[in-house]
Amino acid sequence: MAEYVGQAVPRVEDARLLTGRGRYTDDVAHDDATAAWAVFLRAPHAHARILAVDIATAAAMPGVLGVLTAADYVADGCQPIRHASNPPDALLPAQPWFVPGPGVFVHEAPQPPLAGQIVRFPGEAVAMVVAETRESARDAAEQINVSYESLPAITSIDDALTGAPLCEGVRGNLCLEAILGDLATTDAAFAHASVVVQHDFTNQRLVNCQMEPRAALGLWDPHTARATLISGGQGVVRQRLTLAECLGLKPPSVRVISPDVGGGFGPRTPLSPEAVLVTWAARRLGRSVRWSGDRSEAFLTDYQARDLRTHAELALDGDGNILGLRVRLAGNLGAYPVTFAPLANGSRIVSTVYAIPTAVIEVRGLLTNSVPTAPYRGAGRPEATLAIERLLDLAAARLGIDRVAIRRRNLISRAQLPYRTVGGLTYDCGDFTGNMDRTLAMADWAGVAARKRASQAKGLWRGSGIANYVETPVGAPRERVVLRVDPAGIVFVTAGTQSSGQGHETVFAQIVAEHLGIAVTQVRLLTGDTDIVQVGGGSHSDRSARLGATLLARAC
């Protein structure tokens with residue numbers, strides 16, 4: 001039997017993708033010659049009251065099929081987007097991560113796809129023009145006259161903590177607040193510490209930039225009263241449920257298709273307002289409606305990321321043993337809470353692989369007049385690792401202890417396993433000291449000083465750093481894989497994950513081929529369509545190989 005897993009094999013999808021035969025959202029849209037174009041008029045203010053929207057001139061322009069506002073959306077019985085911002089708990093996935101109660105306040109505010117009375121972030125859509133051509137829609141959008149009353153804007157975490165509330169139902173501008181850990185024990189640890197080091201960490205807001213700009217095509221079948229959304233995303237099942245709720249439909253009356261996707265990274269997991277709006281417009285106007293965002297629009301309105309601030313304090317004895325940890329995590333969620341995942345992940349993994357006896361972790365999620373933030377590339381885990389590793393470097397310098405030695409002194413040992421961390425995670429296996437030692441040997445850590453001297457002799461700078469990272473993948477807790485074999489011996493794999501460039505067609509084929517003793521070319525992956533995929537969590541938090549591949553091996 002041929003061995004495929006772990007071997008280098010030509011990627012199955014490359015012949016199609018590298019020869020221009022990929023099938024991205026915009027490719028599908030251009031196949032529909034009758035599709036109308038949507039263009040959005042976006043607000044120039046971070047915070048403003050909408051006094052009037054004059055669409056008369058725009059609506060009368062040639063080729064315009066409709067100029068739609070929030071009033072039209074509400075009149076059709078549509079609902080704002082409920083993003084399910086409170087993710088499933090890492091240990092008890094049947095419950096949300098943050099459970100309201102003593103010490104925990106949670107407010108999940110839905111996001112209207114079009115601003116009605118108040119604009120809450122720059123670039124928020126105020127009106128949608130649907131026309132025969134994209135150019136006609138753009139021309140008409142420029143003729144919409146909106147009267148605004150500018151309001152004070154809050155854009156930073158500091159301003160959010162001290163400013164007036166931006167909406168009802170929140171505490172100040174907090175829509176999430178949680179205090180976790182043992183306050184009394186941690187205070188005692190700090191009181192008895194020989195050394196306390198502290199630092200403030202700022203992880204700046206960033207704009208993600210996928211190879212493929214966001215696009216969406218909405219369709220409506222009046223005979224079956226069924227809506228279809230075609231849009232590249234990171235999981236069709238979740239997006240179908242959200243879209244059905246927005247349109248007031250049952251999930252079977254909604255189909256979501258995600259063709260080839262040119263990059264995900266996290267922000268394409270939640271449903272976007274534009275995807276909701278083109279599908280609603282298709283139903284309202286009786287025409288398929290497509291939208292393709294350009295780079296300027298993406299830079300302004302795609303879900304952004306990071307914008308986290310961490311204040312961390314570490315208490316140690318005179319030998320460099322950690323006694324306790326205090327952490328305050330604050331996240332700028334933007335105008336609407338799309339996700340609490342970075343704060344949830346950060347609060348869980350904050351101690352990483354170190355044996356920290358006690359901790360207090362304060363978590364705050366704040367609303368501001370900025371684009372909503374979403375999970376992105378680690379979603380709070382790299383930020384937490386930065387904090388603990390930098391504190392250990394500061395402590396080593398204060399105590400005169402080698403950076404490696406202070407880490408080896410505090411790593412969770414194999415003898416301590418299973419070990420429950422202060423963040424509530426249990427490590428049942430691992431060799432953290434061995435991993436670090438092997439990595440140091442591979443990196444020739446002992447030769448760092450000599451390499452620095454050699455660089456300095458050439459007028460160059462050379463730095464060195466060390467960090468112990470552990471991944472804590474969470475994400476949607478349910479996945480499904482189905483195998484079907486046709487008479488020709490082709491194995492069809494249906495999976496609820498979604499490739500956005502990771503090579504699922506190759507990886508899943510390798511697993512099936514090895515387990516069933518067939519060739520990679522005999523495997524076909526079916527995914528990205530809710531008419532095919534009934535259950536599945538999409539691709540995020542390292543779940544495709546972790547869950548999908550595990551189920552695939554069992555199914556084989």
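User: Which hand does the crossing of α16 and α17 have?

Analyst: The crossing of α16 and α17 is right-handed. A crossing is right-handed if the near helix is turned clockwise from the far one by less than a right angle, and left-handed if anticlockwise. Helices here are DSSP runs (H or I, at least four residues), strands likewise (E, at least two), numbered from the N terminus. The model is predicted: local features need pLDDT of at least 70, side-chain atom pairs count only at pLDDT 80 or more, and totals for chains, interfaces and linings use all residues. Residues are numbered from 1 along each chain as its sequence is written, and side-chain values use heavy atoms, with hydrogens and water left out.

User: How is the packing of two helices described?

Analyst: By the angle between their axes and the distance between the axes. Axes are lines fitted to C-alpha atoms, for helices over the stretch in contact, and angles run from 0 to 180 degrees between N-to-C directions. Take α16 (residues 504-516) and α17 (residues 543-555): their axes come within 10 Å and cross at roughly 30 degrees. The two are therefore roughly parallel. The angle classes are roughly parallel under 35 degrees, roughly antiparallel over 145, roughly perpendicular from 65 to 115, and oblique for the rest.

User: Which residues make the contact of α16 with α17?

Analyst: H504, F508, I511, V512 and H515 of α16 meet S544, A549, L552 and A553 of α17. Contact means heavy atoms within 4.5 Å. By class, there are 6 nonpolar, 3 polar and no charged residues. Ala, Val, Leu, Ile, Met, Phe, Trp, Tyr, Cys and Pro count as nonpolar, Asp, Glu, Lys and Arg as charged, and the others, Gly among them, as polar.

User: At what angle do α8 and α9 pack?

Analyst: Helix α8 (residues 236-247) and helix α9 (residues 273-285) pack at about 50 degrees, with axes 10 Å apart. That makes α8 oblique to α9. Their crossing is right-handed. From α8, L243, C246 and L247 meet V276, T279, W280 and R283 of α9. These divide into 5 nonpolar, 1 polar and 1 charged.

User: What is a disulfide, and how many does a search find?

Analyst: A disulfide is a covalent bond between the sulfur atoms of two cysteines. The search criterion is a pair of cysteine sulfur atoms within 2.5 Å. The whole structure gives 0. For C78, the nearest cysteine sulfur is that of C246, 8.0 Å away.

User: Is C78 buried or exposed?

Analyst: C78 counts as buried, at 5% relative accessibility. Buried means under 20% relative accessible area, exposed over 50%, partly exposed in between (1.4 Å probe, protein chains only). C556, at 28%, counts as partly exposed.
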